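Subject: Structure handover

Hi there,

Here is the structure I promised to pass on to you. Have a look at it first, and then read on for what turned up.

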Amino acid sequence: MSDPHRSVKSTRSGGDARRERWRHHRAARRAEFVEATVRAIGEHGPEVGMDEIAAEAGVSKPVLYRHFHDKSDLFAGVGSWGTQLLMQRLAPTINEGGSPRERIHRIIDTYLTLIEEYPDLYRFVVHRAYADRPAHDDPVGMEKAEIAKTLSRMLGEFMRVLELDSGGVEAWSHGLVGMVQASGEWWLERRSMSREDLARYLTQIIWHAIDGVLRNGGIVLDPDEPLAPELHVVPDIADGESGESGS
């Protein structure tokens with residue numbers, strides 16, 4: 001005689017396994033459609049429509065909407081894709097050593113290189129993807145806040161090692177991130193100078209700001225000399241996985 005408890009347990013386990021397989025399937029399909037949207041943006045520009053996205057994905061629009069709550073949900077997925085790609089690119093540049101000027105320039109140039117590589121994706125994410133979504137659901141703002149938080153931790157530890165007042169680092173960090181983002185957007189539209197020149201100008205501004213704070217505390221550092229080991233602060237930064245390989 002069969003054990004009814006075992007049958008119930010077996011049925012429940014089978015149902016859980018099917019739900020898990022379906023969850024993974026939906027996540028994989030969502031990722032495929034997000035990458036198809038990135039490709040469609042690259043081909044048709046930031047004003048791409050759902051018809052072009054569906055065609056690139058090789059499905060009908062109703063199939064897309066079965067995997068996303070609405071168009072904004074799909075667009076938010078594209079924003080998250082871009083954010084993960086940026087953090088993936090930034091992680092090694094932030095963690096790598098070098099002189100202060102080299103480190104600042106490397107981080108800025110990494111960001112500018114990415115928006116130069118994906119200009120229409122940048123325009124799509126910044127100007128279109130979140131127009132009808134609440135501010136707290138904006139990956140662009142979240143991305144800037146995360147980078148500023150990472151920079152704040154790095155500068156804060158740097159100032160504390162030098163026994164200087166670190167009270168302003170959070171405000172400085174948000175200001176620096178906003179300046180680079182705004183300058184990058186201006187450059188992307190105007191292209192009145194090379195990427196290298198813009199990276200160099202921004203590096204000069206940022207270093208002189210840091211240098212001014214240090215000198216006010218009686219400390220002078222050579223921007224072209226590698227930092228002493230105790231000053232080489234390596235912050236934690238998420239090395240996110242993106243769908244870059246599929247784009």
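Let me start with the contacts: of those in the chain with a separation of 6 or more, 73% are between residues 24 or more positions apart. Please keep in mind that this is a predicted model. Of its 247 residues, 42% are buried.

**Helix packing**

Two packed helices are described by the angle between their axes and the distance between the axes.

Take H4 and H5 to begin with. Helix H4 covers residues 71-95, and its axis comes within 9 Å of that of H5, with a crossing of roughly 160 degrees. An angle over 145 degrees counts as roughly antiparallel, and H4 is therefore roughly antiparallel to H5. The crossing of this pair is right-handed. On the H4 side the contact is made by Leu85, Leu86, Arg89, Leu90, Thr93 and Ile94, and on the H5 side by Arg103, Arg106, Ile107, Thr110, Tyr111, Leu114 and Glu117. Sorted by class, the residues of this contact are seven nonpolar, two polar and four charged.

Helix H5 (residues 100-117) also packs against H9, at an angle of about 140 degrees and with the axes 9 Å apart. That angle makes H5 oblique to H9. H5 passes H9 in a right-handed crossing. H5 brings Pro100, Arg101, Ile104, His105, Ile108, Asp109, Leu112, Thr113 and Glu116 to this contact, while H9 brings Arg195, Glu196, Leu198, Ala199, Arg200, Leu202, Thr203, Ile206, Trp207 and Ile210. The classes here are ten nonpolar, three polar and six charged residues.

H9 (residues 195-216) has H8 (residues 169-190) as another partner: their axes come within 11 Å and cross at roughly 160 degrees. H8 and H9 are therefore roughly antiparallel to each other, and H8 passes H9 in a right-handed crossing. The H8 residues in the contact are Trp172, Leu176, Met179, Val180, Ser183, Gly184 and Trp187, and they meet Arg195, Leu198, Leu202, Ile205, Ile206 and Val213 of H9. By class, this contact has ten nonpolar, two polar and one charged residues.

**Two loop residues with positive phi**

Which backbone angles might you want to look at? Glu163 has a phi near 60 degrees, a positive value in a residue other than glycine. Glu163 sits in the loop between helix H7 (139-161) and H8, and at 73% relative accessibility it counts as exposed.

Arg191 also belongs here, with a phi near 50 degrees, again positive in a residue other than glycine. Arg191 is in the loop between H8 and H9. Its relative accessibility is 40%, so Arg191 counts as partly exposed.

Leu227 is in the segment after H9. Is Leu227 buried or exposed? With a relative accessible area of 18%, Leu227 is buried. Leaving aside its neighbours within four places in sequence, Leu227 is in contact with Gly98, Pro100, Arg103, Phe158 and Leu221. For Pro100, the C-alpha atom is 7.0 Å from that of Leu227, although the two residues are 127 apart in sequence. Pro100 is also one of the H5 residues in the contact with H9, and Arg103 is one of the H5 residues in the contact with H4.

**The annotated region**

UniProt, in an unreviewed entry, lists residues 49-68 as "DNA-binding region". In the model this span is 75% helix and 0% strand, and its end C-alpha atoms lie 15 Å apart.

Glu52 is in helix H2 (residues 50-57). Its relative accessibility of 31% makes Glu52 partly exposed. Which residues does Glu52 touch, leaving aside its neighbours within four places in sequence? Its contacts are Ala40 and His44. The C-alpha atoms of Glu52 and Ile41 are separated by 8.9 Å, with the two residues eleven apart along the chain.

Happy to talk any of this through.

Best wishes

Technical notes
Residues are numbered from 1 along each chain as its sequence is written. This is a predicted model: local features need pLDDT of at least 70, side-chain atom pairs count only at pLDDT 80 or more; totals for chains, interfaces and linings use all residues. Side-chain values use heavy atoms; hydrogens and water are left out. Axes are lines fitted to C-alpha atoms, for helices over the stretch in contact, and angles run from 0 to 180 degrees between N-to-C directions. Helices (H or I, at least four residues) and strands (E, at least two) are DSSP runs, numbered from the N terminus. Angles under 35 degrees count as roughly parallel, over 145 as roughly antiparallel, 65 to 115 as roughly perpendicular and the rest as oblique. A crossing is left-handed if the near helix is turned anticlockwise from the far one by less than a right angle, and right-handed if clockwise. Contact means heavy atoms within 4.5 Å. Ala, Val, Leu, Ile, Met, Phe, Trp, Tyr, Cys and Pro count as nonpolar, Asp, Glu, Lys and Arg as charged, and the others, Gly among them, as polar. UniProt positions are given in the numbering used here, feature names are shortened, and annotations may be inferred rather than shown by experiment. Buried means under 20% relative accessible area, exposed over 50%, partly exposed in between (1.4 Å probe, protein chains only).
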